[in-house]
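Please look at the structure first, then read on.

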Amino acid sequence: MPKGKVIALLTDFGLDDNYVGTMKAVIAGINPKACVIDLSHAVQPQDILGGAFLLNASYKFFPKGTIFVVVVDPGVGGERKIVCVQTRDYIFLSPDNGILGPVTAQEEILSLVEVSNTKFFLPNVSSTFHGRDIFAPVAAHLSLGLKPARLGDNLEELKKIDLPRPKVSTGGTLTGEIIYVDRFGNLITNIDDNLIKGAGANISSITIGDKKIGKLITSYQDGHSGEPVALIGSPGHLEVAVNCGNASKSLNCSRGDKVTVKFVRS
Amino acid sequence: MPKGKVIALLTDFGLDDNYVGTMKAVIAGINPKACVIDLSHAVQPQDILGGAFLLNASYKFFPKGTIFVVVVDPGVGGERKIVCVQTRDYIFLSPDNGILGPVTAQEEILSLVEVSNTKFFLPNVSSTFHGRDIFAPVAAHLSLGLKPARLGDNLEELKKIDLPRPKVSTGGTLTGEIIYVDRFGNLITNIDDNLIKGAGANISSITIGDKKIGKLITSYQDGHSGEPVALIGSPGHLEVAVNCGNASKSLNCSRGDKVTVKFVRS
Amino acid sequence: MPKGKVIALLTDFGLDDNYVGTMKAVIAGINPKACVIDLSHAVQPQDILGGAFLLNASYKFFPKGTIFVVVVDPGVGGERKIVCVQTRDYIFLSPDNGILGPVTAQEEILSLVEVSNTKFFLPNVSSTFHGRDIFAPVAAHLSLGLKPARLGDNLEELKKIDLPRPKVSTGGTLTGEIIYVDRFGNLITNIDDNLIKGAGANISSITIGDKKIGKLITSYQDGHSGEPVALIGSPGHLEVAVNCGNASKSLNCSRGDKVTVKFVRS
């Protein structure tokens with residue numbers, strides 16, 4: 001595959017309006033051979049943290065050379081910068097609002113550029129839709145091989161937010177929170193599998209809200225139908241699910257709710 | 001078109017999460033030239049019957065050589081097998097949970113293989129997201145020309161569910177049910193046009209729930225605006241609709257509700 | 001890019017059912033190299049005006065040669081015609097129900113043809129799903145270079161609806177209405193920027209419903225968080241928005257609501 005042929009879109013635009021389609025139109029006009037993949041457009045409006053989570057959970061599955069266009073942009077038209085970050089395998093375009101924090105905590109930044117060269121923008125740039133007027137054409141040019149350095153000057157520093165981190169208290173209790181609820185009602189926490197790997201046998205309890213969940217299991221199937229279970233889900237995080245059910249509904253839990261893991265003293 | 005270049009995705013993943021986008025990312029990494037078509041991702045979670053209906057109503061419109069990836073998979077991570085079914089014109093990948101029943105009632109199975117060769121999976125297979133870790137890479141390899149036989153051993157038997165069948169009672173009454181409600185509120189029944197073809201003039205009444213519907217008409221336009229009508233819809237099934245309205249709402253009917261067709265004694 | 005390689009789809013089919021996927025399947029079977037872009041499928045069922053707005057707000061951003069397939073079609077299966085309109089840069093396929101009115105008010109019609117040549121339809125045409133049986137195959141053939149003249153006879157006249165127009169009353173008051181509400185709750189009006197261009201300083205008040213909005217600003221960022229503001233949005237229309245909020249919800253406004261702009265007497 002030619003380098004950079006895949007353009008991945010992650011936005012809070014939804015699919016009901018013409019916004020995503022118009023971005024794809026602009027891309028097709030510049031590089032009709034680009035392969036555009038919708039990562040998601042259902043980030044809640046202006047939810048930078050939610051976008052950061054989805055990007056972080058997904059980017060490694062994209063082919064090397066993918067250009068990620070991340071437009072969750074409450075500051076559009078204001079003074080926030082637009083950045084282009086190059087890592088060993090990927091290029092990321094986004095507003096400089098911190099959304100690339102989790103990814104760049106894992107991937108070394110090889111170059112960081114402010115996107116300011118209007119030569120690669122649409123001729124008329126609106127103050128409300130940079131996805132169409134700046135992000136789409138810039139991504140399309142990058143997919144044709146444009147060097148990020150051509151987009152503008154180097155920046156010293158990238159703004160970064162971090163996903164909320166779980167806390168380890170004395171006695172070994174781990175306190176995290178739900179950071180994402182998916183279509184199935186699965187409750188994905190910020191507790192990374194590294195924190196509990198190999199500790200399965202030593203977990204004495206997992207509590208979400210005020211509900212105790214059984215032991216850590218391996219797959220949804222290991223839970224009785226309708227029973228909430230804890231497992232390591234596909235993004236590598238501790239997750240609470242109900243086999244053939246909806247954990248979010250049956251436990252009445254949502255993003256931000258606390259999750260506690262206690263370990264057997266050993 | 002090279003054989004197998006189209007990959008059709010039918011899942012219950014929805015489009016809000018990163019699941020479908022990640023599957024496409026994996027496919028693009030293996031076969032960047034694959035043409036991926038979303039059949040639907042709005043099957044209700046774990047609704048095998050709903051998925052079977054949509055697949056059955058659509059597959060014949062896809063180009064020969066299409067690889068269908070059908071992931072409605074309540075048993076993911078458990079003991080259910082993954083199967084690859086080859087028919088004269090198509091390849092179907094799905095969990096062995098019966099979802100291919102209606103299609104294979106129409107298409108002869110030329111080969112049936114258990115998908116088990118990890119060589120064509122992602123290196124790390126999670127226990128919760130086989131769409132990404134198994135289905136996507138296997139489909140991509142098939143689209144590059146991989147023979148299904150390379151995926152694993154032959155299986156003796158495929159699990160099959162059947163769409164609910166209408167009953168014909170003495171006196172010629174046909175009793176079926178609503179099996180799908182679409183965005184327009186059209187009520188699609190399990191009564192195939194073969195059962196009533198040519199019988200239009202002989203139908204004395206069509207009843208849905210406790211509401212009598214007028215005679216069988218040819219198109220939505222033949223009904224007065226707001227009036228419920230019965231016609232043969234695009235999947236070739238008896239359908240109750242309201243011209244410029246929503247039959248599901250105005251008749252307060254949903255999936256599973258009974259539909260009765262009575263014929264004039266002749 | 002080869003002429004006509006992009007096919008843009010704008011429908012009221014939604015994405016939950018198999019309708020859009022089946023259209024893409026038919027297209028891929030005829031022209032596997034077509035680049036299909038979803039403009040939107042979330043037009044409200046049978047909402048011709050809503051479809052006309054989205055098309056008008058977007059079409060200029062598509063590459064020259066794009067074939068627009070516009071299927072908002074309450075008259076499907078009835079006597080309404082299907083038309084193919086060629087302009088200098090684009091081809092439009094739609095039911096002859098007026099939906100191309102706003103576009104053809106801006107683009108000169110070079111040819112207008114009734115789509116009737118069944119040679120380019122699917123062999124079996126249903127009476128309920130012309131998107132699949134007529135629009136998709138015809139668009140695919142056009143994308144392969146088929147001349148519109150081959151589709152049928154010339155038509156004398158195209159049906160046209162117009163977007164509601166704002167009124168200018170004596171004293172210079174401009175009265176328009178909300179014609180679109182987007183995912184962010186932004187209230188897009190039918191007041192074109194031409195009507196108020198350069199008049200920013202001379203606007204004395206903007207009223208929406210019974211709520212006075214502050215002066216015209218340049219970007220969402222110029223408004224305090226939570227405060228409703230007026231600006232020229234990305235389709236070039238006066239728009240009322242709430243910075244980091246949802247104007248539709250906080251002002252309790254929706255499509256059809258009145259918007260009044262008063263100017264300072266000069």
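In chain B, B:Thr22, B:Met23, B:Val26, B:Ile27 and B:Ile30 of α1(B) meet B:Gly131, B:Arg132, B:Phe135, B:Ala136, B:Pro137, B:Ala140 and B:His141 of α4(B). Sorted by class, this contact has 8 nonpolar, 3 polar and 1 charged residues. The model is a predicted one.

## Helix packing in each chain

Two packed helices are described by the angle between their axes and the distance between the axes. In chain B, helix α1 covers residues 19-30 and helix α4 covers residues 130-143. Their axes come within 8 Å and cross at roughly 35°. The crossing of α1(B) and α4(B) is right-handed.

Chain C comes next. Helix α1 (residues 19-30) of chain C packs against helix α4 (residues 130-143) of chain C at an angle of about 35°. The axes of these two helices of chain C are 8 Å apart. Which hand does the crossing of α1(C) and α4(C) have, left or right? α1(C) passes α4(C) in a right-handed crossing. From α1(C), the contact takes C:Thr22, C:Met23, C:Val26, C:Ile27 and C:Ile30. From α4(C), it takes C:Gly131, C:Arg132, C:Phe135, C:Ala136, C:Pro137, C:Ala140 and C:His141. These residues of α1(C) and α4(C) divide into 8 nonpolar, 3 polar and 1 charged.

Now chain A. The axes of α1(A) and α4(A) come within 8 Å and cross at roughly 35°. α1(A) passes α4(A) in a right-handed crossing. On the α1(A) side stand A:Thr22, A:Met23, A:Val26, A:Ile27 and A:Ile30. They meet A:Gly131, A:Arg132, A:Ala136, A:Pro137, A:Ala140 and A:His141 in α4(A). By class, the contact of α1(A) with α4(A) has 7 nonpolar, 3 polar and 1 charged residues.

| Helix pair | Nonpolar | Polar | Charged |
|---|---|---|---|
| α1(A) with α4(A) | 7 residues | 3 residues | 1 residue |
| α1(B) with α4(B) | 8 residues | 3 residues | 1 residue |
| α1(C) with α4(C) | 8 residues | 3 residues | 1 residue |

A:Lys24 pairs with A:Asp38, and the closest N and O atoms are 2.8 Å apart. A:Lys24 lies in helix α1 (residues 19-30) of chain A, while A:Asp38 lies in strand β2 of chain A. The pair links distant parts of the chain, 14 residues apart. Over all chains, the structure holds 18 salt bridges.

## Chain A against chain B

How many residues of each chain are in contact between chain A and chain B? Chain A gives 32 residues and chain B gives 34 residues. Together chain A and chain B bury about 2400 Å², with 59% of it on carbon and sulfur atoms. A:Phe61, A:Arg183 and A:Phe184 supply 29% of the area that chain A buries against chain B. That is more than any other three residues.

How many salt bridges does the rule find across the interface of chain A and chain B? It finds 0. Polar contacts do occur there: 13 residue pairs, both at pLDDT 80 or more.

On the side of chain A that touches chain B, the elements giving two or more residues are β2 (35-40), α2 (48-58), β8 (174-181) and β13 (228-232) of chain A. β2(A) gives the most, with 4 residues. The residues of this side of chain A divide into 19 nonpolar, 9 polar and 4 charged.

## Chain B against chain C

Here the contact takes 31 residues from chain B and 34 residues from chain C. Chain B and chain C bury about 2400 Å² between them, and 59% of it is on carbon and sulfur atoms. B:Phe61, B:Arg183 and B:Phe184 supply 29% of the area that chain B buries against chain C, more than any other three residues.

Between chain B and chain C the count is 0 salt bridges. The count of residue pairs in polar contact is 13, both at pLDDT 80 or more.

Which elements give two or more residues to the side of chain B that touches chain C? They are β2 (35-40), α2 (48-58), β8 (174-181) and β13 (228-232) of chain B. β2(B) gives the most, with 4 residues. By class, this side of chain B has 19 nonpolar, 9 polar and 3 charged residues.

Terms used:
Residues numbered from 1 in each chain as written. Chains lettered and ligands numbered in written order. Predicted model: local features only at pLDDT ≥ 70, side-chain atom pairs only at ≥ 80, totals over all residues. Heavy atoms only, no water. Contact = heavy atoms within 4.5 Å. Buried area = accessible area lost by both parts, 1.4 Å probe. Salt bridge = Lys/Arg side-chain N within 4 Å of Asp/Glu carboxyl O. Polar contact = N/O pair within 3.5 Å; in protein donor to acceptor, adjacent residues only side chain to side chain. Nonpolar A, V, L, I, M, F, W, Y, C, P; charged D, E, K, R; others polar. Axes fitted to C-alpha atoms, helices over the stretch in contact; angles between N-to-C directions. Left-handed = near helix turned anticlockwise from the far one by under 90°.
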